Amino acid sequence: QFERVGADVTMKCGSMDWDAAVTWTVNGTDIDESHLNGSYLILKNVGLSQSGQYSCYEGSSWHLKYQTYLRVGTPPKEPVLMCRSNNYPKGFYCSWHLPTPTYIPNTFNISVIHGTKDMVCEKDAVPKNRCHIRYLQLFSTVKYKVTLTVTNALGKNFTTLTFDEFAIVKPDPPESVVAKPVPNNPRRLEVSWQNPSSWPDPESFPLKFFLRYRPLILDQWQHVELSDGTSHTITDAYAGKEYIIQVAAKDNDIGTWSDWSVAVHATPWTEEPKHLTTEAQITETTSASTSSFMAPPTTKICDKGAMVGSGAVAVCWTAGLVVAAYSVLFI
Amino acid sequence: MAAADSPSAALRRRDLCSRGIRLAGKMRADVVDLLDTYVEQQGLDASASVAAVEGVPLAAVERWDEQTGTQRLLENLAAYRAFRALLAQMLEEQREQLGEADAGLGRALAAVLLQVSAFAYHLEELLRLESRGIPGEEGDGPPPPPRLGLFEQKLRGLGVLRELAQWAVRSARDLRQLAKPSPATGTAPGLVESP
């Protein structure tokens, strides 16, 4: 028994008279007499939580006189329908869903018309809310009309989509996107990818690509459109910065861009920093170089102009004052 | 058929196909722009469905992937010859209706007509390369339809431009098929046929 949310429901105890003594239960639990009008069960403004197995028993004998499974739900709202060709020119698929659940079973019926011709949309086993159609004709200006009807015990609704063959072509994103640094090139990144495997004939129906990239620390994307090939070298990367890179695809002539591919990260090649502990460096820096003993640039605390002394013992004014102050404290 | 198989012929075919693909791409872009202008200038609804008009070659085709190379070339040639005549008629009608009032639309129509003529010539070159006889233009179907009323002319024009835009896409695809080397012989598929 299906009822709408908010409805008032009256259940009769089978053929029992109105004044018969009965007991009602829901899911095995007795229902309070305040819900009874004689032997009738009255449920006002039913909610989803009142779904369940309702049973009515004769008072003294406890014989089961009536039973029903109440399912509280809603009639379907207008369904959401989408059609797309990610495997052009083989065919297209349509998929659908309800914007809000009905809480009761629904059946979906789809019809596809091309001009005056009815076409069969073969339902996929998985997912269940999807069907696919093979193109019988290509390059037609005649539009396709797809109507989806959803029905349940409480009502019916439908939606219609009308489109032409080219408009729904949208490939899947490119696959296997790889980004690598280029040795000895601190501003380059080599990016490569593959055509989506669902695109059946890239030779006759070539794809073009859109690449976007940015360093993680910035919000602004750089874009490059590529009319052929499945690789590209970025030549203006910021040295040493990690990049995020994505690629999208589109048929060369028709349809819309795919979603962006999975993002990949890469950092351009950087020169290996020189370490203090290597022997070669110790023997090399005997006299002139003070780099081993100077603070790195990011931690610089004074200007070169403020230096006093020379060579390995050069000390700037600020540091000198600090050292002097501490020395006085400990005398 | 020996000429069609020679390496120089294969190179020439590939060259003609790539240029044809570029021509078709440019033609399509210009036809799409022309469609926007045409719809606006003629006061039409861009989304209006137009019934198939007699004499306008339909781009729609079944079993497109099974066509031979020669079929593709012959169907394309017949179509573009028909469009050449249809566009010439549209240009004449447009000049009669609007005179100099809409020179922009006239120029755009003339430019597309030129491209259609060039593409038809390109297809003839490809057919010559395959040592195929070029069909005479008399055999290209029924004569142009009788003169229509003004509104019917506008709708026919819409139908012509829409189908031409579809053909431009189809032609690029057809030429890519033609440009594919056959795995066994190295020649384009479907062009080497038994006599």
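Helices H2(B) and H4(B) run roughly antiparallel to each other. The model is predicted. The angle behind this description is about 160°, and the two axes lie 9 Å apart. Angles over 145 degrees count as roughly antiparallel, so the pair falls in that class. The crossing of H2(B) past H4(B) is left-handed. By class, the residues in this contact comprise 17 nonpolar, five polar and six charged ones.

H2(B) also packs against H5(B). Helix H2 spans residues 7-41 of chain B, and its axis comes within 8 Å of that of H5(B). The two axes cross at roughly 160°. H2(B) is therefore roughly antiparallel to H5(B). Here too the handedness was assigned: H2(B) passes H5(B) in a left-handed crossing. Their contact contains 18 nonpolar residues, together with four polar and five charged residues.

Helix H4 covers residues 103-129 of chain B, and helix H5 covers residues 150-179 of chain B. Their axes come within 13 Å and cross at roughly 30°. An angle under 35 degrees counts as roughly parallel, which means that H4(B) and H5(B) are roughly parallel to each other. This crossing is left-handed. On the H4(B) side, the contact is made by B:Val112, B:Val116, B:Phe119 and B:Leu126. On the H5(B) side, the partners are B:Leu164, B:Ser171 and B:Leu175. By class, six of the residues in this contact are nonpolar, one is polar and none is charged.

Chain B also meets chain A. The contact involves 17 residues of chain B and 18 residues of chain A. In chain B, the residues that lose the most area to chain A are B:Gln166, B:Arg173 and B:Arg176. Together they supply 37% of what the chain B side buries. The size of an interface is often expressed as the accessible area lost when the parts come together. Between chain B and chain A, about 1,600 Å² is buried. Carbon and sulfur atoms carry 52% of that area.

Two annotated domains of chain A were examined. An unreviewed UniProt entry places the feature "domain: Ig-like" at residues 1-56 of chain A. Over that span the chain is 0% helix and 43% strand. The end C-alpha atoms of residues 1-56 are 15 Å apart. For residues 173-273 of chain A, UniProt lists "domain: Fibronectin type-III", again from an unreviewed entry. This span is 0% helix and 48% strand, and its end C-alpha atoms lie 38 Å apart.

Local backbone geometry in chain A was also noted. Most peptide bonds are trans, and most residues other than glycine have a negative phi. A cis peptide bond joins A:Tyr88 to A:Pro89, with omega at about 10°. A:Pro89 sits in the loop between strand E9 (80-84) and strand E10 (91-97) of chain A. Another cis peptide bond links A:Val126 and A:Pro127, where omega is about -5°. The loop that holds A:Pro127 runs between strand E13 (122-123) and strand E14 (130-134) of chain A. A:Asn45 is not a glycine, yet its phi is positive, at about 50°. A:Asn45 belongs to the loop between strand E6 (40-43) and strand E7 (52-58) of chain A.

Definitions and conventions. Residues numbered from 1 in each chain as written. Chains lettered and ligands numbered in written order. Predicted model: local features only at pLDDT ≥ 70, side-chain atom pairs only at ≥ 80, totals over all residues. Heavy atoms only, no water. UniProt positions renumbered as here; feature names shortened; annotations may be inferred. Helix = DSSP H or I, 4+ residues; strand = E, 2+ residues; numbered from the N terminus. Axes fitted to C-alpha atoms, helices over the stretch in contact; angles between N-to-C directions. Parallel < 35°, antiparallel > 145°, perpendicular 65-115°, else oblique. Left-handed = near helix turned anticlockwise from the far one by under 90°. Contact = heavy atoms within 4.5 Å. Nonpolar A, V, L, I, M, F, W, Y, C, P; charged D, E, K, R; others polar. Buried area = accessible area lost by both parts, 1.4 Å probe.
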